[in-house]
Amino acid sequence: MQFHHHGYVSGDPRIEPAAGTGLNRPDDLPDEVDVLIVGTGPAGMITAAQLAQFPGVVTRIVERRGERLAIGQADGIQARSVETFQAFGFAGRITAEAYRITETAFWKPDPADPSRIVRTALTPDDPSGISEFPHLIVNQARVLDHFAEFMASSPTRMRPDYGYEFVGLQVHDGREHLVEVTLARTCGERAGETRTVRAKYVVGADGARSRVRASIGCTLAGASANHAWGVMDVLAVTDFPDVRRKCAIQSAAGSILHIPREGGHLFRMYVDLGEVPEGGSHAVRSTTLEQVIAKAQQILHPFTLDVRDVAWHSVYEVGHRLTDRFDDVRPEEAGTRTPRVFIMGDACHTHSAKAGQGMNVSMQDGFNLAWKLGHILEGRSPEELLTTYSSERQVAAQKLIDFDREWSTLMAKKPEELADPTELERYYVRTTETLAGMATRYAPSLVVDEPVHQDLAAGFPVGMRFKSAPVVRVCDGNPVHLGHQARADGRWRLYAFADAAAPGRASAVDELARWLTGAPDSPVAATPAGADPDAWFDVKVVYQQAHAEVDISAVPQLFTPRVGPFRLLDLEKVYAADPEADVFDLRGLDRRGVLVVVRPDQYVAAVLPLTAREELAAFFAPLLRLPRGAGV
């Protein structure tokens, strides 16, 4: 973690200096904002947290509740989400308080006595090492708390505006603040009063019953699976031996997905309530907590379950629904205007909770959109960038729903209905990448290049998340993970994996650095005059030599920029291969050198030879709107 570059810091270094809109942030909701976010769920909060890093953007997030969420319904945190939390600075802290899933137990009827269940398999959670980050279980409310802390510590000093409910909106032509939003106060002395806020962009993260979605004419299309589940977070005494393991339990009486919770005692059970007859939804919703507990006790036989306390419970039917678009541009308007209103999370995709995907996919919706809004509102990029949000995230949501439909169907089957007794556990292992949140791959677009040179970096697939790898920081010899050095600060990343020549000798990476520093068509040259040279592009180099063999004084200036008001040298952008785990071997990198371009939301945008300067310039040309003003 770097600090002191603006002067000595004696307090918490995670609290950044206030800047821009954070210098005189009004307590009351202003009449005009750049971005208005509706809903403080995971999708809304990550959107606000990312936008909090853009000091010149006025962002406010409103919530109908009068205070923070106390008990969240979602609890599963995929490894991909923990990667994301690392960029926001709280992966370590939330891991410390969470329950970590390392394996899953599968229980089935005992062949000798089908009325009893026995453990039939114990499967590692990540057998292939998809990520160095763990699979966690933690209360959704704590995830929101960490995002709120990040927002409050960011330059804009952002915080939620509680007690405002979205009523409706209108999009007007010919105004700078095109979207007029009506809000109603929900609590306090002024409860019931309405007011209007004008925004350039509105983000609806207001859940499955989204009013923002309705206001732009979108509807959720899909179907119910006609299967009901009861879910409860309980403190109980039980002789079930795997109470502190994640379990998929199938018995003659039904199924349970068992999830241990953080804290060592709490656990969640998704309890199979069976098929829902036509017109029987009302009866299912009236299922009592006592009935759910009794059903769980039947399924667990011969083990006992003595529930002592219930923190939360609900009954729901599995449904899989998706909107036709994630923004307010109707099909007949495509290509004629750019979006002004967006929806995300449960507002545009709903599914079962048993695969632990909902909160995780929703956060990636927000991460995808937020940096794009920030770049446009700060003048970095044209508005066309916003068209990529709906196209990218709708495909990802459809794949999620397809996967969840298969998983929830398998979970609901009776053991005798499976084609193979091991079908469930084999499916679990086969879909580990999807379960971990790593399967998303964006198609070529304005922000994803064609994978023409993919063979140069087989381990960094274009369109997929940048998979970190160990390296050694040259300036101090510390082993670090390369991807962990990237913060959620809205910057593009350029990772130059050097050719075999040592620093100071003629090399392809030196030639690239010279071009990036001074050429008028270099993307780095678009950085505004007066800003730090790495304000828009975080450029790092990884050499093939051992760190002790790299002369940092011979490294091109691009990789050791002068930053902050004192123009201090940043020496933490120069790395060497780790001899114990060489990144060139781990990620299949061509030793002639390769440049990997990574988006602000951690997805690989391009893989290029170090010599492909024209291709790099062509990729960024439509993404950089400001005149080229300064280099390094």
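Predicted model: local features only at pLDDT ≥ 70, side-chain atom pairs only at ≥ 80, totals over all residues.
Trainee: What makes Arg 599 and Glu 392 a salt bridge?

Mentor: Their side chains meet N to O at 2.8 Å. The rule asks for a Lys or Arg side-chain nitrogen within 4 Å of a carboxyl oxygen of Asp or Glu, so the pair qualifies.

Trainee: How many salt bridges does the rule find across the interface of domain 1 and domain 3?

Mentor: Two. Polar contact, counted with both residues at pLDDT 80 or more, links nine residue pairs between domain 1 and domain 3.

Trainee: Which helices each supply at least two residues of the side of domain 1 that touches domain 3?

Mentor: Helix H2 (79–87) and helix H8 (358–377). H8 gives the largest share of that side, six residues.

Trainee: Where do the domains lie in the chain?

Mentor: Domain 1 comprises 34–87 + 138–222 + 321–410, domain 2 comprises 99–133 + 226–316, and domain 3 is 454–621. A UniProt record, an unreviewed entry, places "domain: Phenol hydroxylase-like C-terminal dimerisation" at residues 441–624. That span is 12% helix and 21% strand, with its end C-alpha atoms 24 Å apart.

Trainee: How do you know that domain 1 and domain 3 are in contact?

Mentor: The C-alpha centres of domain 1 and domain 3 lie 32 Å apart, but contact is judged on heavy atoms within 4.5 Å. By that criterion 17 residues from domain 1 and 15 residues from domain 3 take part, so the two are in contact.

Trainee: What is the area buried between domain 1 and domain 3?

Mentor: It is about 1,500 Å², and carbon and sulfur atoms give 45% of it. The value is called buried because it is accessible area that the two parts lose on being put together, summed over both. In domain 1, the residues losing the most area to domain 3 are Ala 87, Trp 371 and Arg 380, together 35% of what that side buries.

Trainee: Why are S4 and strand S7 called paired?

Mentor: Three bridges join S4 to S7 (residues 135–137). Pairing needs at least two bridges, so S4 and S7 pass.

Trainee: What makes strand S3 and strand S4 edge strands?

Mentor: The three strands form an open sheet in the order S3-S7-S4, with antiparallel pairing. Strand S3 (76–77) and strand S4 (99–101) each pair on one side only, and are the edge strands.

Conventions:
Residues numbered from 1 in each chain as written. Heavy atoms only, no water. UniProt positions renumbered as here; feature names shortened; annotations may be inferred. Helix = DSSP H or I, 4+ residues; strand = E, 2+ residues; numbered from the N terminus. Domains from an automatic or database assignment. Buried area = accessible area lost by both parts, 1.4 Å probe. Polar contact = N/O pair within 3.5 Å; in protein donor to acceptor, adjacent residues only side chain to side chain.
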